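The following exercises concern a predicted model.

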Amino acid sequence: MIYGYVRVSCEKQTVENQKFEIKKFARSNSISVDSWIEETISGVKDYSKRQLGTLLEKVQKDDLIICAELSRLGRSLFMIMDILSVCMNRGCKVWTVKDGFRLGGDIQSKVLAFAFALTAEIERNLISQRTKEALARKKSEGVVLGRRKGCKLAPNVKCEERKRDIFLMMSEGKSKSEIALALNVSRGTLYRWLKQNVS
C-alpha cells in the first residue's frame with residue numbers, strides 16, 4: 001500500500017502544492033498513491049493525536065509513505081526520529097520528495113534519517129536564537145516592540161472588546177450589516193468573529 005501524507009499548519013495554507021509534488025514524484029517513479037492522508041494541524045502536536053498516528057498504527061511491512069519533506073512529519077528532532085523508528089520497526093518505507101530521502105531497513109537509511117532530522121532541528125533553533133537576539137538588540141536600542149499604546153485596534157479585537165454590544169444589537173434584531181457599520185469593521189470581519197464565537 002502506498003500512502004501520500006500531506007500536512008499544513010493552518011487553514012490559510014493549502015495542501016495542493018504538496019499533493020502536486022507527491023503526484024509528480026510518484027509518476028516519475030512509476031508508482032501511484034493508493035490513499036491520501038491530509039491534515040491541517042501543527043507539526044508540534046503529538047503525532048499520536050493526529051491522523052498520522054492512525055496511519056502509523058495500520059502500516060505494514062513494505063508499505064510506503066510519501067511526503068513532501070521530513071518536516072511535514074513533525075517539527076522536532078525527537079518526534080521525527082520516533083516516527084521513523086515506528087516505520088522501521090513495522091518495515092514501512094518513508095520517501096520524501098524535496099529531501100530526496102528514502103528510508104528502508106538498512107543502516108544507511110537510519111543514519112540519514114538522523115542526519116536530516118538533526119540538521120532541520122539545528123536550523124530551527126538557530127533561526128529562533130537569531131530572532132530572539134535581534135528583538136533583544138532592538139529593545140536595548142529603545143525600539144518599542146509590539147502594538148504601540150493608542151494605535152488603532154485590529155478589527156477582530158474591536159469585535160472582541162465590544163461583544164456585549166454585538167449581542168445586544170443582535171437581540172434588538174439589527175442586521176449584521178448594521179452591527180458592522182456601528183463597530184466600524186467590515187461585514188466579513190464580523191461574520192468571521194460570529195462564526196468563532198456564536199454556535
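**Exercise 1.** Identify which residues of α3 are buried, and examine the ends and the span of this helix.

*Solution.* Step 1: the buried residues of α3 are L77, M79, I80, I83, L84 and C87. Step 3: just after α3, G91 adopts a positive phi of about 75°. Step 4: α3 has 14 residues, and at 1.5 Å a residue it should span 20 Å; the end C-alpha atoms are 20 Å apart, which agrees.

**Exercise 2.** Determine which residues have the most contacts inside the largest nonpolar core, and which elements supply it.

*Solution.* Step 1: this core has 21 residues, and L52, I65 and L73 have the most contacts inside it. Step 2: at least two residues each come from β1 (2–8), α2 (51–58), β3 (64–67) and α3 (77–90). Step 3: α3 gives the most, with five residues.

**Exercise 3.** Classify the ring pair of F25 and W95, and state whether each residue is buried or exposed.

*Solution.* Step 1: the ring centres are 6.3 Å apart and the planes stand at 85°; an angle over 60 degrees counts as edge-to-face, so the pair is edge-to-face. Step 2: buried means under 20% relative accessible area; F25, at 13%, is therefore buried, and W95, at 15%, is buried. Step 3: F25 lies in helix α1 and W95 in strand β4, so the pair ties together parts that are 70 residues apart in sequence. Step 4: the charged end of R102 also sits over the ring of W95, 4.0 Å from its centre.

Key:
Residues are numbered from 1 along each chain as its sequence is written. This is a predicted model: local features need pLDDT of at least 70, side-chain atom pairs count only at pLDDT 80 or more; totals for chains, interfaces and linings use all residues. Side-chain values use heavy atoms; hydrogens and water are left out. A nonpolar core is a set of buried Ala, Val, Leu, Ile, Met, Phe, Trp, Tyr and Cys residues joined through side-chain atoms within 4.5 Å. Buried means under 20% relative accessible area, exposed over 50%, partly exposed in between (1.4 Å probe, protein chains only). Helices (H or I, at least four residues) and strands (E, at least two) are DSSP runs, numbered from the N terminus. The expected span of a helix is 1.5 Å times one less than its number of residues. Rings of Phe, Tyr and Trp (its six-membered ring) pair if their centres lie within 6.5 Å; planes under 30 degrees apart count as stacked, over 60 as edge-to-face and the rest as tilted. A charge sits over a ring if NZ of Lys or CZ of Arg is within 6 Å of the ring centre and within 35 degrees of the ring normal.
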